[in-house]
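Subject: Structure handover

Hello,

Here is the structure I promised to pass on. Please open it beside this message and read along.

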Amino acid sequence: MKNTIKVETPVFDTLTLKGQIIRKLLDKHQVLAINIMASPGAGKTSLILKLIESLKNKFRIAVIEGDIVPIDVEKIQKQQIPVVLAHTGGACHLDSVMMEKALKKLKLNELDLLLVENVGNLICPASFYLGTHKNIVIASVPEGDDKPYKYPTMFKGADLVVLNKIDHLEHDNFDLQNFIAGVSALDPKIEIIKVSARNGLGIAEIVDWIKLQSKNNGK
Ligand code: MG
Ligand code: ZN
């Protein structure tokens with residue numbers, strides 16, 4: 001196993017370095033970038049669409065979609081904002097090389113906010129620094145309340161945890177207190193916002209959170 005580590009460490013360092021270069025580029029253009037991570041079906045694209053609706057009068061927004069097919073890209077395009085497919089080549093996460101390629105297709109001097117939809121996966125996206133300022137991790141009620149316990153690295157790295165599909169709470173056997181305790185045990189500073197991307201509940205709170213991050217220049 002030692003050989004594997006020897007080979008992979010320099011690659012990882014290169015990616016981290018590239019992430020740092022991306023961050024400098026984003027800061028230079030005063031673009032706040034948010035990395036949105038979740039398992040498949042938790043509601044990343046639905047949430048992004050809701051956020052665009054609420055924020056597009058205040059911010060010049062673009063979206064990067066980490067995917068292999070343009071299904072979500074086409075949904076975003078309907079909102080008349082710039083959207084780029086960061087083709088992952090089938091990889092289960094975005095990395096800074098993919099991010100760099102996608103950024104070249106955007107005019108950063110014409111943007112204020114960049115929303116990055118990572119690949120649907122609760123494991124490895126957390127380990128790849130993209131140069132983004134903040135991480136939002138979305139969990140959803142039908143997935144169960146044990147997710148922070150099963151995927152601690154992902155939740156620990158979150159600046160904001162969004163609990164989506166909260167309208168399912170009464171039907172599903174979801175222990176809200178257990179979920180909140182799981183997140184808080186990893187880091188008590190992580191904010192949790194309960195939303196329903198379907199009926200719009202809680203979206204205003206995320207909008208306020210994003211406005212605050214923008215005011216603080218992503219720090
Ligand atoms: Mg999606
Ligand atoms: Zn991966």
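This is a predicted model: local features need pLDDT of at least 70, side-chain atom pairs count only at pLDDT 80 or more; totals for chains, interfaces and linings use all residues.

Cys92 sits in the loop between β3 (83–87) and α4 (96–103). Cys124 sits in the loop between β4 (113–117) and β5 (134–140). The pair therefore ties together parts that are 32 residues apart in sequence.

Are these two cysteines buried or exposed? Cys92 is partly exposed, at 39% relative accessible area. Cys124 has a relative accessibility of 18%, so it counts as buried, the limit being under 20%.

As for disulfides, the structure holds 0.

Nonpolar cores

The largest nonpolar core has 31 residues. Which of them have the most contacts inside it? They are Ile34, Leu113, Ile206 and Ile210. At least two residues each come from the strands β1 (32–38), β2 (61–67), β4, β5 and β6 (160–164). The helices α2 (44–55), α3 (71–77) and α8 (203–215) also supply at least two each. The largest share is from α2, with 6 residues.

Now take Ile210 on its own. Neighbours within four places in sequence are left aside here. Ile210 is then in contact with Leu32, Ile34, Leu51, Leu55 and Leu113. Two of these partners, Ile34 and Leu113, are also on the list of residues with the most contacts inside the largest core.

A buried aspartate

Last, look at Asp72. This residue lies in helix α3. Its relative accessible area is 12%, so Asp72 is buried. What does Asp72 touch, not counting residues up to four places away in sequence? The answer is Thr45, Glu65, Asp67 and Glu117.

Best wishes

Conventions: Residues are numbered from 1 along each chain as its sequence is written. Chains are lettered from A and ligands numbered from 1 in the order in which they are written. Side-chain values use heavy atoms; hydrogens and water are left out. Helices (H or I, at least four residues) and strands (E, at least two) are DSSP runs, numbered from the N terminus. Buried means under 20% relative accessible area, exposed over 50%, partly exposed in between (1.4 Å probe, protein chains only). A nonpolar core is a set of buried Ala, Val, Leu, Ile, Met, Phe, Trp, Tyr and Cys residues joined through side-chain atoms within 4.5 Å. Contact means heavy atoms within 4.5 Å. A disulfide is a pair of cysteine sulfur atoms within 2.5 Å.
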